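Please keep the coordinates at hand while reading.

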Amino acid sequence: MSAHPAPGSPGNDKGPGIGIDDLPVREELRGKSPYGAPQLDVPVQLNTNENPYPLPEPLVARIAERVAEAARGLNRYPDRDAVELRTRLAEYLTRTGGHPVGLANVWAANGSNEVLQQLLQTFGGPGRTAIGFEPSYSMHGLIARGTGTGWISGPRRADFTIDPVTAVAAVAEHAPEVVFVTSPNNPTGTAVAAETVLALYEAAQAARADRGGALVVVDEAYVEFSHRESLLPLIEGRPNLVVSRTMSKAFGAAGLRLGYLAAHPAVVDAVQLVRLPYHLSAVTQATALAALEYTDTLLGYVEQLKTERDRLVDELRGLGYEVTDSDANFVQFGRFEDSHAVWRRILDRGVLVRDNGVPGWLRVTAGTPAENDAFLEAVRALKKEQQA
Ligand code: PMP
């Protein structure tokens, strides 16, 4: 979708000849495009890192039950502080994250994108900057822009790992107020070592000692798929370190829109300064609570997806593709002279993968075994064509 629809095109109902740039929008939004992975109607959709497994029927029934209960109270505003939900999320983190947390450590919002937005509204903003090590999740930069926060693109090595020395140097040079570390990283799948996060944390605190330090946000959207442990224990004794999570991936509930964070209670207090009152609907809270009752079942699907992810890595390597080590539910593969042309040819075979704009690389989400077979069939055919 273009940010600048042609006059009369769908989505432009502002009258003929009027586009975004004709409106009095903020200067920094002029000429920009919105985030948008194509939502194409193709048989095999492996482009947005969703969980391919629909929620199990007993959980669907439980959601209906809990939502019906919530519906009886919809004349009232929901629990503004989402106490029950945050308590259950804290229990989940304590059980799986290697570190005990409680209600006061956890905050929830409509997707981790909203969590990240609240963090940037609180700790970023005009006159402040945030850094991320790219290629990484493009929304970090876009949410920075939306909140008036300056964006700094930090370095990665050619193998997409973060070199602590150059990353620390970038933090020292730019002295950002917010540092994003995505582990496992999207779109590369790369996990980040705890020592690297600690080095960045120290550097960020030193560089912004004038402001009481800087916030380090560890985006763990995909951590349940990782070979490594969560970085959650790093919040201990580090009030400026936040771990953000989501139910969109491991819990198979991207449509729910539920993200959360774990941090020092002061961070949870701070984001309340910017959150909209009653931002988390009673229906959302009820649905998330039902899903959390089925944590073990849903984590069982995660195990299957990890096996499938590893199979994709092995088979792609077997075909002679370069594959970045993956700790996520997707795999980055290449290298292609013209990755967009390859993306198109895979699409022609009914499989939608993601062209993230990382030159030479594409990304495929681990789907069901049948979907992955279809994808592998498509890339196998491409190889044959090349060799013919
Ligand atoms: N962080 C990362 C690294 C992601 O890849 C995504 C989703 N693609 C998100 C956060 C946001 O997820 P959600 O808003 O669905 O929780």
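Q285 counts as buried because its relative accessibility is 8%, where buried stands for under 20% relative accessible area, exposed for over 50% and partly exposed for what lies in between, with a 1.4 Å probe and protein chains only. This is a predicted model, in which local features need pLDDT of at least 70 and side-chain atom pairs count only at pLDDT 80 or more, whereas totals for chains, interfaces and linings use all residues. Residues are numbered from 1 along each chain as its sequence is written, and side-chain values use heavy atoms, with hydrogens and water left out.

The residue Q285 sits in helix α8, residues 282-293; helices (H or I, at least four residues) and strands (E, at least two) are DSSP runs numbered from the N terminus. A polar atom of the Q285 side chain lies 2.9 Å from the backbone oxygen of L280. When neighbours within four places in sequence are set aside, Q285 is in contact with P78, D79, A82, L85 and L280, contact being defined as heavy atoms within 4.5 Å.

**Domains and the pocket between them**

The domain assignment divides the protein chain into domain 1 (44-55 + 297-387) and domain 2 (57-293), with bounds that come from an automatic or database domain assignment. The centres of domain 1 and domain 2, taken over C-alpha atoms, are 26 Å apart, and 24 residues of domain 1 are in contact with 29 residues of domain 2.

On a 1 Å grid over the protein atoms alone, a pocket is an open set of points with protein on both sides within 12 Å along at least five of seven lines, a cavity is a set of points where a 1.4 Å probe fits but cannot get out, and lining residues have an atom within 4 Å of a point. The largest pocket has a volume of about 980 Å³, a volume being the space filled by probe spheres set on the points, with grid points joined across faces, edges and corners. Its lining comprises 40 residues, and Y35, A37, T48, Y137 and R354 are those nearest the centre of the pocket. The elements that contribute two or more residues to this lining are α3 (111-123), α4 (138-146) and α10 (339-348), and α3 gives the most, with three residues.

By residue class, the lining of the largest pocket divides into 15 nonpolar, 17 polar and eight charged residues; here Ala, Val, Leu, Ile, Met, Phe, Trp, Tyr, Cys and Pro count as nonpolar, Asp, Glu, Lys and Arg as charged, and the others, Gly among them, as polar.

**The cavity**

The structure holds one cavity of 30 Å³ or more, and the largest cavity contains about 40 Å³ of space. The residues that line the largest cavity include S183, P184, E220, R228 and L231, and its lining divides into five nonpolar, two polar and three charged residues.

In α4, the residues M139, H140, G141, I143 and A144 are buried, and what covers the buried residues of α4 includes α3, β4 (150-154), β5 (178-182) and β6 (215-219). After α4 comes G148, with a positive phi near 75°.

V60 belongs to helix α1, residues 57-71, and counts as partly exposed because its relative accessibility is 36%. Although V60 and A290 are 230 residues apart along the chain, their C-alpha atoms are separated by 8.6 Å.

**Backbone geometry**

Most residues other than glycine have a negative phi, and most peptide bonds are trans. The table lists departures from this.

| Site | Backbone value | Location |
|---|---|---|
| E134 to P135 | cis, omega near 10° | P135: loop between β3 (129-133) and α4 |
| G334 to R335 | cis, omega near -20° | R335: loop between β10 (330-334) and α10 |

N49 is buried, with a relative accessible area of 1%, whereas Y278 is partly exposed, with a relative accessible area of 29%.

How values were computed: Polar contact = N/O pair within 3.5 Å; in protein donor to acceptor, adjacent residues only side chain to side chain.
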